[in-house]
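Try each one yourself before reading the solution.

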Number of protein chains: 2
Amino acid sequence: MNIKNVTVAGAGVLGSQIAFQTAYKGFNVTVWVRSEASIERAKPKFAALEQTYVATLEAMKTNPAAFARGLASADASAEELDALKAKAHEALEGIRFTTSYEEAARDADLVIEAIAEDPAQKTAFYTELAKHLPEQTIVVTNSSTLLPSAFAESTGRPEKYLALHFANQIWQNNTAEVMGHQGTGEAAYREVVEFADAIGMVPLELHKEQPGYILNSMLVPFLSAAQALYATGVADPATIDKTWMLATGAPLGPFRILDIVGVTTAYNIVSMKPEAADPESVMGKVAAMLKEMIDAGKTGVAAGEGFYSYR
Amino acid sequence: MNIKNVTVAGAGVLGSQIAFQTAYKGFNVTVWVRSEASIERAKPKFAALEQTYVATLEAMKTNPAAFARGLASADASAEELDALKAKAHEALEGIRFTTSYEEAARDADLVIEAIAEDPAQKTAFYTELAKHLPEQTIVVTNSSTLLPSAFAESTGRPEKYLALHFANQIWQNNTAEVMGHQGTGEAAYREVVEFADAIGMVPLELHKEQPGYILNSMLVPFLSAAQALYATGVADPATIDKTWMLATGAPLGPFRILDIVGVTTAYNIVSMKPEAADPESVMGKVAAMLKEMIDAGKTGVAAGEGFYSYR
């Protein structure tokens, strides 16, 4: 693998986590954001991530339940965990910020795009970036909902462009779905798989472009079926969750998962289905049920209440 | 609850388990089958169940992983487990067999129908049974795929007829989905919920008729989405399973579950979708993939090979 210098574009929830994890694993990281104000907003996120990493590493000394797969091996000694705390501190110190495309592009072996889920903004970003980027630089997108084929041309390097899709809290949920578009070259794909592994992720390889990648391709119909059972009055969330957990041994049922994902996200997903426009349809009933919850402020774990109460 | 005498109709895989579990929990059990030959075929199944129960109870003394939820409480002492082994032996001794409708019906407080998944056979059974059944007897069906509303009239007691749906290996997988049709009375429904609890099941209450009950309403679209990812070449079974397990904490991914459910069952389910008739459609590709596995004898765990090898 020839990747040493990594630029992360965007310092939102995922962008900051990706940048911090990459620095923690010893790469040179530059964070590109749109403005000086964005840099000031980003810095506390990185300071908080350092504290989370240090606290987690400390907890891992004594509490097996604290184990975060992206941070260390499961059998790391107390000394090794202390050494990793120093790495977290070095990561925080080492990350550079810039608003300049030129600086973001100059020495980058890999650019990870994690800006807003807005096709126009992404296209504009790639187009400007391409003017400054060395020929060999690989570019990946962390987009959850947009496909790399939609932006490949705008990067000026379709064969070196693909998706690398992370999960929230990547130090713990360390999956990275690797997905090319039809024109992605094998060499760039393999480099990105190796890079994902090098930053403590489990690379999950997709052989072709798929909306929703692997996880959401299964999670969305599963959660949708659960919501349909509730919205049509077949059973209540607690019974549905219990059924799933008892039958499959899963630690969480669909409504616990929905509370973590967020009711607003679930509503946005169901609203995209044409059927949801008909209030008499199953999806229409699901949308109405979710809308009522959102209006009542019951948007999930983060709000203290969703299908369950967390107060 | 007024249920003491239970007749189980059918001694297939589930019928024999339901009858044995019911007897193990202290109910008087009569097993009705169609012929003397069926009785002879059934008896070794009950002997095998007794051995499984005894061996499991013995293992539960020392091995927490052996815990079977339907057999005892999690904190049962060695003495209590030994006493339960005696109950398993009594169950085997106490079960009566008959081929007579009259005998099956005479004293029954509850009839659990677990005969073949064939609407004509079920209708004929209920119609004949109704001629002999006391007025107050409740009748339930264990059918996985047929709805109680389809047979309610043939039982001659629609308000005392509903579904009580068990999972395979009920001493371990102790869920019981309780589902009425529109005409099921509340009293009969509550009796059946209490009965399910009394035989060591976790009753899962459905408030209206739903094909696939709760579990299969979620499991089928989930497994279908996973199979689509594989059949269309997006990713391989091991990667898809890994993605699901890492992201949700589940102990099994969809292809491990499919190997347990059986590839033939998965094929029968997908074949019922009209879309599967078109070989170019996603479901058509899933059906072709499953058909190829069946033709190669790779039908799942029971065959020693499915999506994974178990040899």
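**Exercise 1.** In this predicted model, work out how the residues lining the largest cavity divide into nonpolar, polar and charged.

*Solution.* Start by finding the space itself. A search of the whole structure turns up one cavity of 30 Å³ or more, and the largest cavity holds about 30 Å³. Next, list what surrounds it. From chain A come Phe222(A), Trp244(A), Ala250(A), Leu252(A) and Ile257(A), and from chain B come Trp244(B), Thr248(B) and Ala250(B). Now sort them. The tally is seven nonpolar, one polar and no charged.

**Exercise 2.** Find the domains of chain A and say how far apart their centres are.

*Solution.* Walk along the chain. Domain 1 covers 5-206 and domain 2 covers 215-303.

**Exercise 3.** Give the strand order of the open sheet in chain A, and explain why β3 and β8 each have a side without a neighbour.

*Solution.* Read across the eight strands: the order is β3-β2-β1-β4-β5-β6-β7-β8, and the pairing is mixed. Look at the ends of that order. β3 (96-98) and β8 (202-206) of chain A are at the edges with a single partner strand each, so one side of each has no neighbour in the sheet. From one strand to the next, the twist averages 25 degrees.

Now zoom in on one pair. β6 (residues 161-166) and β7 (residues 175-180) of chain A run antiparallel and are joined by five bridges. Within this pair, Leu162(A) sits opposite Gly180(A) of β7(A).

α2 (residues 36-59) of chain A lies across β2 (28-32) and β3 of chain A, at about 155 degrees to β3(A).

**Exercise 4.** Turn to chain B: in which sense do β5 and β6 pair, and over how many bridges?

*Solution.* Begin with the whole sheet. Chain B has an open sheet of eight strands in the order β3-β2-β1-β4-β5-β6-β7-β8, with mixed pairing. Its edges are β3 (96-98) and β8 (202-205), each with a single partner strand. Then pick out the pair in question. β5 (residues 138-141) and β6 (residues 161-166) of chain B pair in the parallel sense over three bridges.

Conventions. Residues numbered from 1 in each chain as written. Chains lettered and ligands numbered in written order. Predicted model: local features only at pLDDT ≥ 70, side-chain atom pairs only at ≥ 80, totals over all residues. Heavy atoms only, no water. Domains from an automatic or database assignment. 1 Å grid on protein atoms, 1.4 Å probe; cavity = no way out; pocket = protein on both sides within 12 Å on 5 of 7 lines; lining within 4 Å. Points joined across faces, edges and corners; volume = space filled by probe spheres on them. Nonpolar A, V, L, I, M, F, W, Y, C, P; charged D, E, K, R; others polar. Pairing = 2+ DSSP bridges. Helix = DSSP H or I, 4+ residues; strand = E, 2+ residues; numbered from the N terminus. Axes fitted to C-alpha atoms, helices over the stretch in contact; angles between N-to-C directions. Contact = heavy atoms within 4.5 Å.
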